[in-house]
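Colleague: Please take one part of this model and look at it closely. I would like the helix packing in detail, with the cut-offs stated.

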Amino acid sequence: MKSEDLSKFDKIVVKRLRELLVSRLKVTVGEGKQQVLEAASTFDNPDLNELVFALHRIEKGIYGQCVICRHDIPINVLEADLTARFCPSCQTAIHEKSDSSR
Ligand SMILES: [Zn+2]
C-alpha cells in the first residue's frame, strides 16, 4: 500500500476507534491518535482490539496485506471492513474450509 493510503487509513481507523469509545463505551476522549489509543488500551473489547491491531499494521506498513498470501487487499474491501486481514480469494478459501467442516 502507498504511504498516502496508509496515512488515510490511519486517520479513518483512529476516527472509528474514537467513535466506538464515545458512542458504545461512553468514554470521553480527545481526537489525538495517542489519546484514542491510550483510552482503547484500557478496555478489553474485541472490536477495539481489532482496530488497534489494524493501527499497528499501518505503522509497520503492512496494513492492507493479506496475512496468508501477502497480496494487497483491494482498497474498497478495506474501506468496507477496516480490519480485513485476508484478500478476497483467501477469504473465500477460508469460508469454503469452514463450511465443509460443519
Ligand atoms: Zn490472500
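Modeller: α1 and α2 pack with their axes 10 Å apart and at an angle of about 45 degrees; axes are lines fitted to C-alpha atoms, for helices over the stretch in contact, and angles run from 0 to 180 degrees between N-to-C directions. The two helices are therefore oblique to each other (under 35 degrees counts as roughly parallel, over 145 as roughly antiparallel, 65 to 115 as roughly perpendicular, the rest as oblique). α1 contributes Val-14, Leu-17, Arg-18 and Leu-21 to the contact, and α2 contributes Lys-33, Val-36, Ala-39 and Ala-40; contact means C-beta atoms, placed from the backbone, within 7 Å.

This is a predicted model, in which local features need pLDDT of at least 70, side-chain atom pairs count only at pLDDT 80 or more, and totals for chains, interfaces and linings use all residues. Residues are numbered from 1 along each chain as its sequence is written.

Helices are DSSP runs of H or I with at least four residues, numbered from the N terminus. In α1, Phe-9, Val-13, Val-14, Leu-17, Arg-18 and Leu-21 are buried (20 or more other C-beta atoms within 10 Å of the residue's own; exposed is 12 or fewer, partly exposed in between). The buried residues of α1 pack against α2, α3 and α4 (75–80). Leaving aside neighbours within four places in sequence, Val-13 is in contact with Leu-51, Ala-54, Leu-55, Ile-58 and Leu-82. After α1 comes Lys-26, with a positive phi near 55 degrees.

Methods: Two residues are in contact if their C-beta atoms, placed from the backbone, lie within 7 Å.
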